[in-house]
Amino acid sequence: MILNIILGILFCVGLVYLMEKYVPLKYNPTISVFLWVIIVFLGYSLYKSIIGPVEFNKIKQVRYAKVIKNLKDIRISELAHQEIEGKFSGDFDSLVQFIDTAKFAIIQRRDTSYADVEKNRAFGLDAQEGGYYIEEIIVDTLRFASVKDSLFGDSDRYKTMMYIPDVGNKEMTEGIKFQLKAGKFEKNDVFYSVFEASVAKRLILSDQDTDLIYQEEQLVSVDGINGPTVRVGTMNDIDTGGNWPKLYDTPKK
């Protein structure tokens, strides 16, 4: 496309040159103005084709960062739910209620051992003289801590983490929630609890150039977010990570 625009500009400039040399003067001004309008239009198109993707990349990174911030909150909430309830949640209302009410058990593990009386008796051994011992780990519950306080402190952002943040097109995203799913994934004849929270890139970038959005949806890169969605977790594997690269996890200086 860029090459075609450059060729078009060169063609128009060539026509202006030939016109000034061979076209009668009475036709010259009208044709000249017309050609210069075309040249300006093609020049602007060339500028947009070069600067457009650059601006698009800047915009998408800012918007993705806002979305990922919420997805990270959803992930830590789901991991807490799985730890306490034994499974992930597929409903935001129940997940928020869980955060409001659930508590982590603060535990302490300690090793202990004692004589294996039956085994020592069977072999005629004395526990004091090199007999058998049973090794065990004792788990003591010290106290309970609020999930809300542990994960979010004084913040109540978990109550809005399910909503797609304002990313430039408020009419398209206001009040819209991430898609949340939870269920089971089978691997090696074992069923594992899995979840996935996602949003379509097309929704995040809805006010941007449609061709650039399509290219972004087809992206395959180690430095980008691959595929048509920004997501955390997956229903197709045992994975609670996000599909974004490390640059979105690096604190800005």
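Author: This is a predicted model, and in it Asp 207 makes a salt bridge with Arg 63, where the closest N and O atoms are 2.7 Å apart. The two partners come from distant parts of the chain, since Asp 207 is in the loop between α7 (201-204) and α8 while Arg 63 is in helix α2, 144 residues apart.

Reader: Is Arg 63 buried or exposed?

Author: Arg 63 has a relative accessible area of 9%, so it is buried, the cut-off being under 20%. Asp 207, at 38% relative accessibility, counts as partly exposed.

Reader: OK, and which residue pairs with Lys 72 in a salt bridge?

Author: That is Asp 249, with the closest N and O atoms 2.9 Å apart. Lys 72 lies in helix α2 and Asp 249 in the segment after β5 (229-233), so this pair ties together parts that are 177 residues apart in sequence.

Reader: How many salt bridges does the count come to?

Author: The count comes to eight salt bridges.

Reader: Switching topic, which residues of α3 are buried?

Author: In helix α3, which covers residues 92-101, the buried ones are Phe 92, Leu 95, Val 96, Phe 98 and Ile 99. They cover an arc of only 155° around the axis, and therefore they sit on the same side of α3.

Reader: And what's on the other side of α3?

Author: There you find Asp 93, Gln 97 and Thr 101, which are exposed. At the start of α3, a side-chain oxygen of Asp 91 also reaches to within 3.2 Å of the backbone nitrogen of Asp 93.

Terms used. Residues are numbered from 1 along each chain as its sequence is written. This is a predicted model: local features need pLDDT of at least 70, side-chain atom pairs count only at pLDDT 80 or more; totals for chains, interfaces and linings use all residues. Side-chain values use heavy atoms; hydrogens and water are left out. Buried means under 20% relative accessible area, exposed over 50%, partly exposed in between (1.4 Å probe, protein chains only). Helices (H or I, at least four residues) and strands (E, at least two) are DSSP runs, numbered from the N terminus. The arc is that of the directions from the helix axis to the C-beta atoms. A polar contact is a pair of N or O atoms within 3.5 Å; within protein, one must be able to donate a hydrogen and the other to accept it, and residues adjacent in sequence count only if both atoms are side-chain atoms. A salt bridge is a side-chain nitrogen of Lys or Arg within 4 Å of a carboxyl oxygen of Asp or Glu.
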